[in-house]
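I opened this notebook to keep track of what I looked up, going from single residues to the whole chain.

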Amino acid sequence: MRPPEHETGDHRPATTPAAGASQTPTTPSAGTPHPKESRMLRHEFQPGKLVAGAVLLTAGVAYAGDATGEWQVPWFLLIPLVCGGLFLAAVVAAVTYGIRRRRSRSRASRENVGAPASSSGSQAIR
């Protein structure tokens with residue numbers, strides 16, 4: 001049993017969806033999810049993290065191979081590998097950030113091609 005609204009601070013009506021009702025937005029005619037929502041990614045792709053993960057995975061495999069006795073990996077080889085890989089990942093992340101920032105700026109500038117609001121009427125600057 002749900003307590004009255006004044007006790008919980010919840011001012012929304014206590015309604016539940018009908019049995020079998022979908023919680024995803026649908027198009028009125030088709031009854032399927034909107035195409036843009038079905039393609040939507042959970043997060044954006046970040047190549048810098050991919051590079052960092054690949055380098056650290058490589059170092060981990062090398063350490064595991066050394067620990068099992070399969071390979072003889074000198075310790076001074078893995079330190080430059082990890083440091084260089086993390087530096088490369090930082091460069092890739094910075095380049096990706098710059099590309100996305102430039103792309104969003106150009107997209108925003110294309111949207112604002114109309115005349116400014118103050119160019120007509122009494123709001124014009126003299």
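I began with Thr96, which is buried, with a relative accessible area of 15%; buried means under 20% relative accessible area, exposed over 50%, and partly exposed in between, with a 1.4 Å probe and protein chains only. I noted for myself that this is a predicted model, in which local features need pLDDT of at least 70 and side-chain atom pairs count only at pLDDT 80 or more, while totals for chains, interfaces and linings use all residues. Residues are numbered from 1 along each chain as its sequence is written, and side-chain values use heavy atoms, with hydrogens and water left out.

I placed Thr96 in helix H4, residues 75-111, where helices are DSSP runs of H or I with at least four residues, strands are runs of E with at least two, and both are numbered from the N terminus. I then looked at the side chain of Thr96 and found that one of its polar atoms lies 2.8 Å from the backbone oxygen of Val92.

Next I turned to Ala62, which sits in helix H3, residues 47-68, and is buried at a relative accessible area of 13%. Setting aside residues up to four places away in sequence, I saw that Ala62 touches Trp71, Val73 and Leu78, a contact being heavy atoms within 4.5 Å. Between Ala62 and Leu78, which are 16 residues apart along the chain, I read a C-alpha separation of 8.1 Å.

Apart from neighbours within four places in sequence, Leu81 is in contact with Val55, Thr58 and Ala59. For Leu81 and Val55 I wrote down 26 residues of separation in sequence and 7.5 Å from C-alpha to C-alpha.

Is Phe76 buried or exposed? I found Phe76 in helix H4 and recorded it as exposed, with a relative accessible area of 53%.

Of the 126 residues in the protein, 10% are buried. Among contacts with a separation of 6 or more, I noted that 38% are between residues 24 or more positions apart. The accessible surface comes to about 11,100 Å², and 62% of this belongs to carbon and sulfur atoms; such areas come from the Shrake-Rupley method with a 1.4 Å probe, and for residues only the protein chains shown count as cover.

Notes:
Polar contact = N/O pair within 3.5 Å; in protein donor to acceptor, adjacent residues only side chain to side chain.
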